[in-house]
Amino acid sequence: MKKYAVIVVDMVNDFVTGVIAHPRIQRIIEPIRELCEKARAAGVPVFYANDSHLPEIDKEFKVWGPHAVTGTWGAEVIDSLKPQPGDIIIPKKTYSGFFQTPLELNLRELGVDTVIITGWQADCCCRHTSADAFFRGFDIIVPRETTDTLTQEDCDRGLEYIKNIYGGTICSMKDLPFWTE
Ligand code: ZN
């Protein structure tokens with residue numbers, strides 16, 4: 001039997017209402033909330049892979065400007081997706097939730113073989129997290145309601161890439177085996 005984990009990427013204040021907020025992120029908040037609720041009810045672990053940057057050090061600021069600075073409000077998960085007891089928070093320095101974080105170790109210890117990748121942005125942090133999941137032998141599912149990016153075209157392209165290059169399954173969250181109405 002498959003063992004799943006949900007990974008919620010970068011649903012932190014700076015991306016939602018802070019310095020690099022984009023309006024399209026709003027549409028994925030409620031689906032992610034609902035998915036996490038179903039996952040917890042089914043005993044599926046929920047991980048948050050959150051940008052947590054050090055100013056003056058992290059290279060990403062050259063590309064995006066300062067955002068999600070460690071220890072600030074901007075780097076905290078938004079209130080409406082607030083982590084619940086038992087959820088696991090993984091601070092990350094780069095686009096990938098795996099790169100130099102304990103995410104892989106935690107997933108292995110839980111016996112997870114399939115990661116359900118959600119969050120912001122489909123063609124950047126979700127894509128890079130998918131790459132690292134693929135390199136490590138995890139199966140990948142991306143529920144299309146739970147991710148987005150700056151434009152619909154870029155979102156479609158990002159999801160196509162995850163499907164074609166990493167063998168990801170792109171589906172509706174309602175197709176997940178632990179979904180209950
Ligand atoms: Zn960042």
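**Figure 1. A salt bridge joins Arg 136 and Glu 104 in this predicted model.** The side chains of Arg 136 and Glu 104 meet with N and O 3.0 Å apart. Arg 136 lies in the loop between α5 and β5 and Glu 104 in helix α4, so the pair ties together parts that are 32 residues apart in sequence. Arg 136 is partly exposed, at 24% relative accessibility. Salt bridges that share partners link Glu 104, Arg 108, Asp 132 and Arg 136 in one network.

**Figure 2. Within helix α4, Glu 104 also forms a salt bridge with Arg 108.** The N to O distance for this pair is 3.0 Å. Helix α4 spans residues 103–109, and the two partners sit 4 residues apart in it, about one turn of the helix. Arg 108 is partly exposed, because its relative accessible area of 41% falls between the limits of 20% and 50%. Glu 104 is partly exposed as well, with a relative accessible area of 26%.

**Figure 3. Asp 132 sits in helix α5.** This helix covers residues 125–135. Asp 132 has a relative accessible area of 12%, which means that it is buried, since the limit is under 20%. Its side chain makes a polar contact of 2.5 Å with the side chain of Ser 96. Leaving aside residues up to four places away in sequence, Asp 132 touches Ser 96, Phe 98 and Phe 99.

**Figure 4. The buried residues of α5 pack against several strands and a helix.** Buried in α5 are Cys 125, Cys 126, Thr 129, Ser 130, Ala 131, Asp 132 and Ala 133. They pack against the strands β1 (4–9), β3 (88–92), β4 (114–120), β5 (139–143) and β6 (147–148), and against helix α6 (152–166). After α5 comes Gly 137, with a positive phi near 90 degrees.

**Figure 5. Lys 92 and Asp 10 form a salt bridge between buried residues.** The closest N and O atoms of the pair are 3.0 Å apart. Lys 92 belongs to strand β3, and Asp 10 to the loop between β1 and α1 (13–16), so the bridge ties together parts that are 82 residues apart in sequence. The whole structure contains 13 salt bridges.

**Figure 6. Four protein residues supply the donors of the zinc ion.** The donors are Asp 51 (OD), His 53 (NE2), Glu 60 (OE) and His 67 (NE2), at 1.8 to 2.1 Å from the ion. Along the chain they follow the spacing D-x1-H-x6-E-x6-H. The angles among the 4 donor atoms run from 94 to 153 degrees, and the site is irregular. Glu 60 and His 67 are both buried.

Methods:
Residues numbered from 1 in each chain as written. Predicted model: local features only at pLDDT ≥ 70, side-chain atom pairs only at ≥ 80, totals over all residues. Heavy atoms only, no water. Helix = DSSP H or I, 4+ residues; strand = E, 2+ residues; numbered from the N terminus. Buried < 20%, exposed > 50% of the residue type's maximum accessible area, 1.4 Å probe, protein only. Polar contact = N/O pair within 3.5 Å; in protein donor to acceptor, adjacent residues only side chain to side chain. Contact = heavy atoms within 4.5 Å. Donors = N, O, S within 2.8 Å, 3.2 Å for Na, K, Ca; no water. Tetrahedral: all angles 85-135°; square planar, octahedral: opposite > 155°, others 65-115°. Salt bridge = Lys/Arg side-chain N within 4 Å of Asp/Glu carboxyl O.
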